[in-house]
Amino acid sequence: MSRFKLYMVLVVVMFVWGMNLPALKYLTAQMGPVTMTSLRIFLAAVTVFAILFMMGLVRKPMKKEWGYIIGGSLLNVVAHHCFISLGLSLTTGTNAGLILGTGPILTAIFSLLLLRTIPSKWQWLGLFLGLFGVAATVMAGNTGPAKVSLGDVYVLIAILSQVLSFIVISKAAKTLDPRLLTAYMLMFGSIGLFMISLVLEPGEWRAFGEMSSAFWLLILASGVVATGIGHMIYNYAVGEAGPSKTAIFMNLNTLFGLLGSVFFLGEVLTSHHLTGLILIVAGVFFGSGTAEEWWRRKIKANADKEERLKASRAKN
């Protein structure tokens, strides 16, 4: 797949993920969030395995690949989905959407640090802008640090876990197809989440028998489309283009998530939210290296223009 087509597909994935945020907010209000999430992730795993089986891509992992699968399951599935489900049950979809928008800047910074590359001054600026954006977001509607929602903290932990998992996925992609890695991560992750739900929400699994048709429709759409197919495509993109480049598209996830929360949940955007969004986007622009690259190209273009003018004057 060409980079252009890959990026266009990522835009669609971000739209689906953005619309999935208010859906998850609704689902977490219906029953225990971790129990619900374990079923949603299991449905995603079955979906991905079924697709890959038809494509002839299913195989038994090699011994060294199991470490990536276990690490990815713990970070990308168990920690990420557990904390985001708990967070959404305690905070608003708007706050969650903006905090998730820090994914690109965190991915860029962690990629640099874990690859032992020292971030530039521009990228450090992006990091601090992104952090200020998070601060503005979690303070939305609150009067002080003591009243910061625990749900916001959970969502932040969720995105940190996901960001770290992208590093694991990018390394695993050297030998293991990221789509197959996704299937294994989702399957083992769903089992891990269910075990956690038995401790945190004992007996909650019985509530599945009391759920409405709307609940089942949303959990199928969320599990199969958003989580299963969406994560399979995104993780494939991470393996193809790298974590930093694909993470930039998560800004669209934030935008679509905000719009979904406003239209479907009736939530209100405040000045804090807008400030947080602006700072987060600015942080991504600087932290991902986009600003630095743009500045280099501008300097080079000006230098080339100056050389052409000197050559033209020399001829005359």
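1. Contact here means heavy atoms within 4.5 Å. With that in hand, look at the range of the contacts. Take pairs of residues at least 6 apart in sequence: 89% of their contacts join residues at least 24 apart. The model is a predicted one.

2. Overall make-up. The protein has 13 helices and zero strands. Read from the N terminus, the order of elements is therefore α-α-α-α-α-α-α-α-α-α-α-α-α. The chain has 316 residues, and 49% of them count as buried.

3. The nonpolar core. The largest nonpolar core holds 60 residues. Those that touch the most other members are M14, M31, L181, L186, L193, F215 and Y234. As background, nonpolar side chains in soluble globular proteins tend to be buried together.

4. S38 and the L186 region. S38 sits in helix α2, residues 33-54. S38 has a relative accessible area of 5%, so it is buried, the cut-off being under 20%. Along the sequence, S38 and L186 are 148 residues apart; their C-alpha atoms are 9.6 Å apart in space. Beyond its neighbours within four places, S38 is in contact with S190, L193 and F194. L193 is also among the core residues named in point 3.

5. E201, a charged residue worth a look. E201 lies in the loop between α8 (178-200) and α9 (213-241). Is E201 buried or exposed? E201 is buried, because its relative accessible area is 14% and the limit is under 20%. Which residues does E201 contact, leaving aside neighbours within four places in sequence? They are G32, P33, V34 and T35. The C-alpha atoms of E201 and G32 are separated by 6.4 Å, although the two residues are 169 apart along the chain. With T35, the side chain of E201 makes a polar contact of 2.5 Å.

6. The cavity. The count is one cavity of 30 Å³ or more. The largest cavity has a volume of about 210 Å³. It is lined by 16 residues, and W17, N20, H80, I84 and N253 are the closest to its centre. By type, the lining divides into eight nonpolar, seven polar and one charged.

7. Where the lining comes from. Five helices each supply at least two residues of the lining of the largest cavity: α1 (3-28), α3 (65-88), α7 (150-172), α9 and α11 (250-265). Among these, α1 gives the most, with four residues.

8. Q162 in α7. Q162 belongs to helix α7. Q162 is buried, since its relative accessible area is 4%. Not counting residues up to four places away in sequence, Q162 touches L75, N76, H80, H231 and M250. H80 in that list is also one of the residues closest to the centre of the largest cavity.

9. H231 in α9. H231 belongs to helix α9. H231 is buried too, with a relative accessible area of 6%. Apart from residues up to four places away in sequence, H231 touches W17, N76, H81, Q162, T182 and A226. W17 is another of the residues closest to the centre of the largest cavity.

Definitions and conventions
Residues are numbered from 1 along each chain as its sequence is written. This is a predicted model: local features need pLDDT of at least 70, side-chain atom pairs count only at pLDDT 80 or more; totals for chains, interfaces and linings use all residues. Side-chain values use heavy atoms; hydrogens and water are left out. A nonpolar core is a set of buried Ala, Val, Leu, Ile, Met, Phe, Trp, Tyr and Cys residues joined through side-chain atoms within 4.5 Å. Buried means under 20% relative accessible area, exposed over 50%, partly exposed in between (1.4 Å probe, protein chains only). A polar contact is a pair of N or O atoms within 3.5 Å; within protein, one must be able to donate a hydrogen and the other to accept it, and residues adjacent in sequence count only if both atoms are side-chain atoms. On a 1 Å grid over the protein atoms alone, a cavity is a set of points where a 1.4 Å probe fits but cannot get out, and a pocket is an open set with protein on both sides within 12 Å along at least five of seven lines; lining residues have an atom within 4 Å of a point. Grid points are joined across faces, edges and corners, and a volume is the space filled by probe spheres set on the points. Ala, Val, Leu, Ile, Met, Phe, Trp, Tyr, Cys and Pro count as nonpolar, Asp, Glu, Lys and Arg as charged, and the others, Gly among them, as polar.
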